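Work through the exercises below with the sequence and the structure open. Try each task before you read its solution.

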Amino acid sequence: MDFMMMGRPQAEEFVRHVEEGCPYRSDDVMQPEQAVSTGTTIFVCEFDGGVIMGADTRTSTGQYVANRASRKISTVYDKIFVCRCGSAADTQALTQFVNHYLSQHAVELGKQPSVNTAANLFKVMAYNNKDRLMAGLIIAGYDEKRGGQVYSIPLGGARVRVPWACDGSGSSYIKGFIENHYRPGMSKAEALELVQKALALAMSRDGSSGGMARYLVISKDKVEEGNILGNKLPVGP
Amino acid sequence: MAGTGAGYDLSVTTFSPDGRVFQVEYAGKAVENSGTTLAICCKDGVVFAAEKFLLSKMLVPGTAKRIFPVHRRAGMSIAGMVADARQIVSRARSESTQYMSSYCEEIPPELLAERLGLFMHAYTLYWSVRPFGCSVLLGCVDQDTKKPSLFTIDPNGMVHKYTATAEGKGKQAAKTEIEKVLANNPDLTCEQALVHVAKIIHKVHDEKDKDFELEISWICPASKHEHAQVPAEQRKAAETEAKRILEAEQEDD
């Protein structure tokens with residue numbers, strides 16, 4: 001009996017400080033199970049000839065690392081990708097929807113949809129369902145019309161084209177660093193170094209980011225994927 | 001019943017024994033009775049022209065239009081029942097804005113024409129509706145490449161892409177004239193085309209018909225690649241010049 005008492009605290013011992021009319025039951029003292037969420041660092045930037053996307057690989061449920069090698073950079077269409085942060089379920093679902101819409105749209109269009117279009121579809125859903133979603137998205141890719149592009153869609157569902165964007169819990173540790181080191185028209189090698197360094201810095205400070213650093217380089221004629229193992233990161237412990 | 005058509009022309013839901021849908025063909029007749037309208041894809045844009053019959057001497061000039069803007073870089077000229085065609089114009093406008101709000105790009109001209117084709121075709125399938133008594137000329141200029149394109153959409157829902165075409169009473173004569181103009185000036189610009197289209201509309205006008213007002217609009221560099229009416233002075237100048245040439249030609253004959 002004692003054992004069971006220990007396992008599940010009794011309602012009387014806990015006073016929940018909630019306002020009148022709160023929908024929680026008074027005996028619902030346990031926190032609801034935490035959702036699988038990508039407490040993340042993602043960073044995407046334009047360079048001369050394309051875009052580079054980078055992300056850590058840690059997916060956590062509260063304190064627990066649910067996946068130490070996850071992919072937070074997902075394909076939306078041939079040359080359009082998204083870096084996801086926030087709820088894994090929400091961002092995956094959004095990506096699937098946009099993927100579906102774009103594949104239909106490509107048929108009626110008779111050519112590749114633009115990155116702009118993909119970003120707008122994400123925005124429409126992120127904005128219309130802002131009360132229900134926990135999704136931070138950075139859409140990037142390459143199209144013939146506008147070349148390499150980065151679109152940031154933060155929590156409220158705004159859509160902004162930017163030269164670089166970073167998001168996730170780790171992003172606050174590196175924004176200043178990026179601001180200081182990013183310049184427009186960087187070469188591919190320079191930009192890749194910046195992405196790797198920024199990610200490594202964020203991963204070393206932010207407890208919810210970690211694992212490997214994955215990156216994706218999208219340019220006119222190819223898409224290259226790569227990763228750096230956790231013990232080979234350029235900075236950090 | 002006398003003849004093959006008899007009894008089969010009351011509804012679009014019944015084919016005649018020789019495989020025709022008469023109501024749709026009759027809708028085509030409504031187009032043939034209308035004043036002539038034409039459009040030309042020039043080197044640098046699209047020009048539309050329409051012969052608008054004046055139903056009354058008291059009609060205010062520049063009203064009861066037959067050429068409409070669809071979006072900033074698309075216009076539509078109509079032949080047939082104007083009231084019916086306004087429905088198409090309104091549909092074209094909503095298709096363009098809807099496309100823009102979901103895809104954040106201007107609707108490709110081909111796609112807009114195709115969607116309007118589907119819309120008009122849907123009205124040839126149900127007994128409860130009648131087909132549109134109009135054909136429309138849809139002209140667009142691409143936002144980035146500035147490439148012009150021109151389509152016609154008929155009451156049966158067919159879509160055709162043209163470099164230049166005409167609809168209405170004088171369509172045959174007008175098409176022949178346009179062909180001649182384009183053969184002589186392969187690099188015709190919109191500004192150069194003004195006199196030609198004014199001349200053609202005046203030439204194909206039937207003296208037995210009511211007086212008419214010439215309506216011209218364009219999408220070209222002069223209008224900053226947006227659909228706009230040709231300024232009144234330019235239109236009048238083109239019209240006077242056209243009349244002068246026509247008179248000179250008649251004297252030669």
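Two strands pair if DSSP finds at least two bridges between them. Keep that rule at hand for the second exercise. Note also that the model is predicted.

**Exercise 1. The fold of chain A in outline**

Task: State how many helices and strands chain A has, and what share of its residues is buried.

Solution. 
- Step 1. Count the elements. Chain A holds five helices and 13 strands.
- Step 2. Turn to burial. Chain A has 237 residues, and 47% of them count as buried.
- Step 3. Look at the contacts in chain A with a separation of 6 or more. Residues 24 or more positions apart make up 61% of these.

**Exercise 2. Strand 9 and its partners**

Task: Find which way strand 8 and strand 9 of chain A run, and how many bridges join them. Then do likewise for strand 9 and strand 10 of chain A.

Solution. 
- Step 1. Locate strand 8 of chain A at residues 135-143. Strand 9 of chain A covers residues 147-153.
- Step 2. Apply the pairing rule. Seven bridges link strand 8 to strand 9 of chain A, and the two run antiparallel. The rule asks for at least two bridges.
- Step 3. Three residues form the hairpin link between strand 8 and strand 9 of chain A.
- Step 4. Go to the other pairing. Strand 10 of chain A spans residues 160-161 and pairs with strand 9 over two bridges, again in the antiparallel sense.
- Step 5. Follow one residue. A:Y151 of strand 9 is the bridge partner of A:I139. A:Y151 also stands opposite A:R161 in strand 10 of chain A.
- Step 6. Is strand 9 of chain A mostly covered or open? It is mostly covered: seven of its seven residues are buried.

**Exercise 3. Where chain A meets chain B**

Task: Describe the contact between the two chains by residues, area and polar pairs.

Solution. 
- Step 1. Count residues. Chain A gives 12 residues and chain B gives 11 residues.
- Step 2. Read the area. About 900 Å² is buried between chain A and chain B, with 45% from carbon and sulfur atoms.
- Step 3. Find the main contributors. A:E108, A:N120 and A:K145 supply 43% of the area that chain A buries against chain B, more than any other three residues.
- Step 4. List the polar links. The interface has 11 residue pairs in polar contact.
- Step 5. Assign elements. Helix 2 (88-109) and helix 3 (115-128) of chain A each give two or more residues to the side that touches chain B. Helix 3 of chain A gives the most, with five residues.
- Step 6. Sort by class. That side of chain A has three nonpolar, five polar and four charged residues.

**Exercise 4. Charges across the interface**

Task: Find which residues of chain A form salt bridges with B:E105.

Solution. 
- Step 1. Four salt bridges cross the interface of chain A and chain B.
- Step 2. Take one partner. A:R146 meets B:E105 at 2.9 Å, N to O.
- Step 3. Take the other. A:K145 also forms a salt bridge with B:E105, with the closest N and O atoms 2.9 Å apart.
- Step 4. B:E105 lies in the loop between helix 2 (82-103) and helix 3 (109-122) of chain B, and A:K145 in the loop between strand 8 and strand 9 of chain A, so the pair joins two chains.
- Step 5. B:E105 is buried, with a relative accessible area of 9%. A:K145 is partly exposed at 44%.
- Step 6. Look at a network. Salt bridges link A:E108, B:R91, B:E95 and B:R115.

Key. Residues numbered from 1 in each chain as written. Chains lettered and ligands numbered in written order. Predicted model: local features only at pLDDT ≥ 70, side-chain atom pairs only at ≥ 80, totals over all residues. Heavy atoms only, no water. Buried < 20%, exposed > 50% of the residue type's maximum accessible area, 1.4 Å probe, protein only. Helix = DSSP H or I, 4+ residues; strand = E, 2+ residues; numbered from the N terminus. Contact = heavy atoms within 4.5 Å. Buried area = accessible area lost by both parts, 1.4 Å probe. Salt bridge = Lys/Arg side-chain N within 4 Å of Asp/Glu carboxyl O. Polar contact = N/O pair within 3.5 Å; in protein donor to acceptor, adjacent residues only side chain to side chain. Nonpolar A, V, L, I, M, F, W, Y, C, P; charged D, E, K, R; others polar.
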